[in-house]
Amino acid sequence: MSVCPPYAPFFGFAGVAASMIFSTVGAAFGTSKAGIGIAGLGTFKPELIMKSLIPVVMSGIIAVYGLVVSVLIAGGLKPTDYSLYNGFIHLGAGLACGFTGLSAGYAIGYVGDSCVRAYVYESRVFVSMVLILIFGEVLGLYGLIVALIMNSKAGSSGQCPI
């Protein structure tokens with residue numbers, strides 16, 4: 001079996017797709033779920049809408065993590081001299097970033113929706129909401145860091161023999 005089969009770039013492209021798709025789905029879910037809570041808050045206290053946009057902004061950052069990893073992986077893809085080792089590393093990096101982005105988006109969405117609705121009745125909830133959202137965002141950041149470390153290992157070894 002060849003170290004550099006012609007189908008090896010497929011796994012790299014699958015990593016690009018996984019990173020972008022899953023992190024964007026997480027960001028979209030977080031934005032929509034928190035947006036529903038903001039719409040509910042806006043009917044009672046419209047003056048609180050701008051402060052309540054924090055979950056939506058944090059959800060958008062999750063999609064940026066997926067975009068960064070996708071661009072970095074795509075930059076390492078080559079039509080020739082691309083090993084199966086690099087393909088699997090790129091796939092793993094994309095899945096790591098994508099699935100942590102998906103889980104972070106879900107966490108931000110549920111926390112954002114609940115806390116924004118509670119913020120209508122109790123303003124002290126705001127500080128705890130921000131802290132919980134930060135810890136939810138960190139889940140996606142962990143995936144970004146792991147993906148960056150994995151991507152840095154892809155170019156270092158696994159080169160095709162000449």
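1. Leaving aside neighbours within four places in sequence, Ala 27 is in contact (heavy atoms within 4.5 Å) with Ser 59, Ile 62, Ala 63 and Gly 105. Ala 27 lies in helix 1, residues 8-44; helices are DSSP runs of H or I with at least four residues, numbered from the N terminus. Its relative accessible area is 6%, so Ala 27 is buried (under 20%; exposed is over 50%, partly exposed in between, with a 1.4 Å probe and protein chains only).

2. The model is predicted: local features need pLDDT of at least 70, side-chain atom pairs count only at pLDDT 80 or more, and totals for chains, interfaces and linings use all residues. Residues are numbered from 1 along each chain as its sequence is written, and side-chain values use heavy atoms, with hydrogens and water left out.

3. Ala 27 and Gly 98 are 71 residues apart along the chain, and their C-alpha atoms are separated by 10 Å.

4. The largest nonpolar core has 30 residues, of which Leu 41, Ile 62, Val 69 and Met 129 touch the most other members. Two or more residues each come from helix 1, helix 2 (54-76), helix 3 (84-119) and helix 4. Helix 3 gives the largest share, 8 residues. Such a core is a set of buried Ala, Val, Leu, Ile, Met, Phe, Trp, Tyr and Cys residues joined through side-chain atoms within 4.5 Å.

5. Apart from neighbours within four places in sequence, Val 69 is in contact with Ser 19, Ala 93, Cys 97, Leu 144 and Ala 147.

6. Leu 139 is in helix 4, residues 125-154, and is partly exposed because its relative accessibility is 36%.
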